[in-house]
Amino acid sequence: MSLKVIRGKVLKVGDNIDTDAIIPGRYLTLTDPRELGKHALEGLDPNIPNLLTDRQIIVAGRNFGCGSSREHAVLALLGAGVKAVIAESFARIFYRNAINRGLLTIEVPKIRDEVSDGEEVMIDLEKSAVVTASGKTLSFKPIPKELVEIIEAGGLIERLKKGLPE
């Protein structure tokens with residue numbers, strides 16, 4: 001999978017979305033990402049898993065993924081077909097879990113003010129920019145090549161299976 005350009009519709013959520021809202025604790029016995037994905041963000045609203053069939057990019061406010069360090073949260077998002085999470089900031093443990101599992105996470109200041117729920121956006125990793133439906137370009141800090149390679153491989157373990165960089 002190449003991450004040069006990613007397009008998708010936005011599911012917009014708020015600040016301080018914790019891992020229990022991403023995947024409620026009652027589903028932690030599940031291990032299949034597709035099964036977890038059926039319940040992704042159900043802790044926020046029981047209707048959100050249905051919305052994720054059409055929306056592939058989550059846009060959030062500050063501190064997305066706070067709370068416990070459960071990897072199930074990332075697996076649920078991947079299982080729901082989420083291509084990327086763009087937030088004003090992430091809880092550090094969620095951010096690392098996302099990279100380690102192959103989920104693209106990007107920090108963009110004030111992103112929630114710039115996009116609408118359901119809007120299609122484009123993420124251009126080469127230009128380190130998110131382009132809104134209206135054509136507005138929002139820049140973000142470039143993602144290091146090594147992290148992009150991990151995400152493109154489908155996570156850290158898959159990247160290591162391909163061999164370490166020379």
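Reader: In β4, which residue is the bridge partner of Val85?

Author: In this predicted model, strand β3 covers residues 84-87 and pairs with β4 in the parallel sense, over four bridges. Val85 has its bridge partner in β4, and that partner is Thr105.

Reader: What is the handedness of the β-α-β crossover from β3 to β4?

Author: Between the parallel strands β3 and β4, the chain passes through helix α5. With the strands pointing away from the viewer, a clockwise path from the first strand over the helix to the second defines the right-handed case. The crossover from β3 through α5 to β4 is right-handed.

Reader: Which strands are the edge strands of the open sheet?

Author: The sheet has seven strands with mixed pairing, and their order is β4-β3-β2-β1-β5-β6-β7. An edge strand here pairs on one side only, which holds for β4 and for β7 (137-139). The edge strands are therefore β4 and β7.

Reader: Which residue in β7 does Val130 stand opposite?

Author: Strand β6 spans residues 129-131 and pairs with β7 in the antiparallel sense, over three bridges. In β7, the residue opposite Val130 is Leu138.

Reader: Which elements are included in what covers the buried residues of α7?

Author: Helix α7 runs over residues 145-153, and its buried residues are Leu147, Val148, Ile150, Ile151 and Ala153. Buried here means under 20% relative accessible area. The cover over these residues includes α5 (92-101), β4 (104-107) and α8 (156-161).

Reader: Which residue with a positive phi follows α7?

Author: Helix α7 comprises residues 145-153. Next comes a residue whose phi is positive, near 100°, namely Gly154.

Technical notes. Residues are numbered from 1 along each chain as its sequence is written. This is a predicted model: local features need pLDDT of at least 70, side-chain atom pairs count only at pLDDT 80 or more; totals for chains, interfaces and linings use all residues. Side-chain values use heavy atoms; hydrogens and water are left out. Buried means under 20% relative accessible area, exposed over 50%, partly exposed in between (1.4 Å probe, protein chains only). Helices (H or I, at least four residues) and strands (E, at least two) are DSSP runs, numbered from the N terminus. Contact means heavy atoms within 4.5 Å. Two strands pair if DSSP finds at least two bridges between them.
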